[in-house]
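Reader: I'd like a close look at one part of this one. Pick a spot and walk me through the residues around it.

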Amino acid sequence: MRSIQAQRLTCLPPYLFAELDRRRKEVAARGVDVIDLGIGDPDLPTPAPVVEALIEAVRDPSTHRYPSYQGMREFREAAARYMKDRFGVTLDPETEICTLIGSKEGLAHAALAMIEVDDPVLIPSPGYPVYRIGTIFAGGRPVIMPLRAENGFLPDFSAILVDTAARASVLYLNYPNNPTGAVADEAFFRRAIDFAETHDLTVLHDAAYADVCFDGYRAPSILQIPGAMSRAAEFHSLSKTFNMTGWRLGFVAGNAEIVGAVGRIKTNVDSGVFNAIQRAGIAAFALPQTAKDEIVSVYRRRRDLVLAGLRKAGFTVFDLHATFYVWFPVPGGDSREFCTRLLEETGVVITPGIGFGEAGEGYARIALCQPEDRLAAAMDRILRH
Ligand code: PMP
């Protein structure tokens, strides 16, 4: 009998969190107060001026019609101003920026726009799963670039076989990084662009956490690097910076051919982002720096609390200057076993590193998306465990 589902769905990696989810429910059903540090979804509300801007925009019937596929001109202009003010990168809002239904949508659609069937595609592991799955949907072949602690969780381009690099079409990168919390400096981005130039690769850089930075650290944009505009695009998100995960708003910026190609997929698949949401996005970009600093300082305090708690409990932790994820080696090295045991014995949910790819094995991830008292309670349980 013909399979109802397309073959490409059967090629997807198994959903590794399903088992942990089932156990979480079981533990909660026993009456345990489960503390979920698994999900990277900000618990704080979207800033009020953004909510107000949406309410006003939604009352204006002109927002009720189809949006333009590439996004409202005013939103793209606001995104271009942000890229200029924040990174010193000058972009043409007409051709070098496209509004996205969240950066995830753009990252997945970019794969369809850039990857030919059987193309090797360079993908960081551990990593956000969309790079790999988008590649599989496009018929490409994921080639894993392991991110190792001894390299600061940056890929080692010299370890990639020249033959593979020569045949590859796309290089995915993500800094500040989920799940490792690692950051990349301009020198790394320069090496990435050099490597991409040598092997004629298109670079898709996921910058979803570009503004979740602490201690005076400011993440650079890959588009700052000379030559990047010829072959790179960067995916930005309003989700994390402004507590807007549910709104679905982001943008892709960079090389006009890449941005245009993503736009062409979107023209044929979705019909863009609700104009009222884009107007709210313009209000988010216009928030004073103090409002943005306030959001980040919440994560900084939580980070301090969790790093201190883990150290006290005897875990090795890395410096963390960006993102809201704490990535640490688990005793015994079996991340699924460790996370399952932790849940069973303490009621604390954290994510096994293997869920982010094979090179994530041996680690686990804590998301700082719970209030300080809950994080403190979780650390206390881990310490007493
Ligand atoms: N990239 C990374 C690394 C992420 O962690 C996420 C969300 N978890 C996204 C992209 C997607 O963000 P959004 O679609 O909400 O913009």
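Author: Let's start with helix H11, which contributes 6 residues to the lining of the second largest pocket, the most of any element. (Helices are DSSP runs of H or I with at least four residues, strands are E runs of at least two, and both are numbered from the N terminus.) Keep in mind that this is a predicted model, where local features need pLDDT of at least 70 and side-chain atom pairs 80 or more, while totals for chains, interfaces and linings use all residues. Numbering runs from 1 along each chain as its sequence is written, and side-chain values use heavy atoms, without hydrogens or water.

The second largest pocket holds about 530 Å³ of space. (A pocket is an open set of points on a 1 Å grid over the protein atoms alone where a 1.4 Å probe fits, with protein on both sides within 12 Å along at least five of seven lines; lining residues have an atom within 4 Å of a point. Points join across faces, edges and corners, and the volume is what probe spheres set on them fill.) There are 25 lining residues, and Arg86, Asp211, Arg218, Gln289 and Lys292 sit closest to the centre. Two or more lining residues come from each of helix H4 (73-87), helix H10 (275-285) and helix H11 (289-312). By class, the lining has 12 nonpolar, 4 polar and 9 charged residues. (Asp, Glu, Lys and Arg are charged; Ala, Val, Leu, Ile, Met, Phe, Trp, Tyr, Cys and Pro are nonpolar; the others, Gly among them, are polar.)

Asp206 puts a polar side-chain atom 2.5 Å from a ligand nitrogen, and Ser239 has one 2.6 Å from a ligand oxygen. From Ser103, a backbone N or O atom lies 2.7 Å from an oxygen of the ligand.

Ser125 and Pro126 are joined by a cis peptide bond, with omega about 0 degrees, and Pro126 falls between strand E3 (120-125) and helix H6 (130-137). The bond from Asn178 to Pro179 is also cis, omega being near 15 degrees; Pro179 belongs to the loop between strand E5 (170-174) and helix H8 (186-199). Finally, Phe153 is not a glycine, yet has a positive phi of about 55 degrees, and you'll find Phe153 in the loop between strand E4 (141-146) and helix H7 (162-167).

Note on methods:
A polar contact is a pair of N or O atoms within 3.5 Å; within protein, one must be able to donate a hydrogen and the other to accept it, and residues adjacent in sequence count only if both atoms are side-chain atoms.
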